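Here is a short report on one chain fold, read from its model. Look over the sequence and structure first.

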Amino acid sequence: MRFPAELAQIGAVRRWVSKQLPMLGLRLTDQRVEDARLVMSEIAANAVVHGCDGGRSDVELTAALRLSPTGVLRMSVADPGPGRPEPRKAGEGATSGRGLLLVAGVVDRFGVDEGPDGKVVWAELDLPEAARPVPASVAGRQVESQVVVLCTGAAVRVWRPRSAVGVRPGQQPELDRIPAA
């Protein structure tokens with residue numbers, strides 16, 4: 001999801017997460033959905049405040065969700081700013097400064113990948129088997145699938161291997177034996 005670097009857009013990021021998690025085929029508890037929403041809103045807010053100097057409507061940030069084959073949900077936000085976000089201890093009367101501590105308390109891992117055009121702040125949740133998508137099967141055989149969330153919000157599932165019906169992988173179909181429709 002691409003969004004303007006404005007704090008007013010953080011609610012849209014949370015709503016996007018709520019819509020995308022089921023599209024990934026995940027069967028999460030309500031608490032885990034809220035955890036994912038919290039994590040994405042915190043790292044998105046940090047990207048706006050610290051990566052874009054408090055917000056810039058002329059800059060677009062990119063939020064992403066990715067599910068690995070091993071059941072790791074990676075949530076990330078890319079911003080053009082330099083520097084690495086670090087958890088800090090907020091003062092007793094402070095109204096901000098606790099976001100990364102909240103994130104650290106919910107996720108299994110988080111970190112930063114730095115690049116020439118800024119950075120990607122990411123956080124990962126290790127999902128239990130029961131929360132992962134149901135494995136796909138074709139003709140009674142389990143096949144590996146990959147789920148990708150597109151920027152438009154659509155999800156596509158790709159199955160491999162793909163062979164023609166009645167043809168073993170690595171063989172070419174005999175076209176003269178395929179019955180006419």
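In which sense do strand β2 and β3 pair, and over how many bridges? Strand β2 (residues 56-67) and β3 pair in the antiparallel sense, over six bridges.

## Basis

This is a predicted model: local features need pLDDT of at least 70, side-chain atom pairs count only at pLDDT 80 or more, and totals for chains, interfaces and linings use all residues. Residues are numbered from 1 along each chain as its sequence is written, and side-chain values use heavy atoms, with hydrogens and water left out.

Helices (H or I, at least four residues) and strands (E, at least two) are DSSP runs, numbered from the N terminus. Two strands pair if DSSP finds at least two bridges between them. Buried means under 20% relative accessible area, exposed over 50%, partly exposed in between (1.4 Å probe, protein chains only).

Strand β3 spans residues 72-79, and seven of its eight residues are buried.

## Helix α1

The buried residues in α1 (residues 10-23) are I10, A12, V13, W16, V17, Q20 and L21. They sit on the same side of α1 because they cover an arc of only 165° around the axis (taken from the directions from the helix axis to the C-beta atoms). The face turned away carries the exposed residues R15, K19 and P22. Just after α1, G25 takes a positive phi of about 85°.

Methods: The expected span of a helix is 1.5 Å times one less than its number of residues.
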